[in-house]
Amino acid sequence: MSLPHAILTALLEKPSSGLELTRRFDKSIGYFWSATHQQIYRELGRLEREGAIRALPRQGATRGQKKEYEVLPAGRAELARWTAASQDPKPLRDTLLLRLRAAAVVGTDGIQDDLHRHLDLHRRQLAEYEEIERRDFPPGRDAVEDRLRHVVLRAGIDLETFWTQWLERTIEELEAS
């Protein structure tokens, strides 16, 4: 049930069209909660039918103009309710870890190349997050909203740091065999 809450969050930050939301998901929220263009449009329709959002009145000619949405009081109340609710952490499900466990049974052919590929992907993601941190969070941005956005980014940085270090150790361990 988190996609509607991700959309409500994005719309409260800035009223947007479905296409703009998709682009914003690709640049921010999508780093930790991804959604396809179709999923976003489907959810926008549902949220609008439920009275959580509405399409903003259009200015002038409407033909070919994108529909922009804003959050209504019911949507804000739902997001506040959801934010305050307690949730347990989700169990980890990672195919790479499962494949390594399977390699212990059937052999490691091909797994090392994929470990190196994963390491490269995580290094690139870490570098991207660190660039976002340098660009968007200079010293002195101390508003609560900025600090909350920064801690979310730091979670991504810490997670990519973990995966990078873990993959480096795992590769060393396998190459030592």
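Select Asp-114 and the helix around it: Asp-114 is found in α6, residues 111-136. Helices here are DSSP runs of H or I with at least four residues and strands are runs of E with at least two, numbered from the N terminus. This is a predicted model, where local features need pLDDT of at least 70 and side-chain atom pairs count only at pLDDT 80 or more, while totals for chains, interfaces and linings use all residues. Residues are numbered from 1 along each chain as its sequence is written, and side-chain values use heavy atoms, with hydrogens and water left out.

Is Asp-114 buried or exposed? Asp-114 counts as buried because its relative accessibility is 14%; buried means under 20% relative accessible area, exposed over 50%, and partly exposed in between (1.4 Å probe, protein chains only). Now show Leu-96 and Arg-99, which Asp-114 touches, leaving aside residues up to four places away in sequence. Contact means heavy atoms within 4.5 Å.

Next, colour by domain: domain 1 covers 3-84 and domain 2 covers 95-176, with bounds from an automatic or database domain assignment. Their centres, taken over C-alpha atoms, are 29 Å apart.

Then select Ile-7, Leu-11, Phe-25, Leu-44 and Ile-53, the residues with the most contacts inside the largest nonpolar core, which has 18 residues. Such a core is a set of buried Ala, Val, Leu, Ile, Met, Phe, Trp, Tyr and Cys residues joined through side-chain atoms within 4.5 Å. At least two of its residues come from each of α1 (2-13), α2 (18-27), α3 (37-49) and β3 (68-71). The largest share, six residues, is supplied by α1.

Finish with Leu-96, Leu-100, Leu-119 and Trp-163, which are among the nine residues of another core, lying apart from the largest one.
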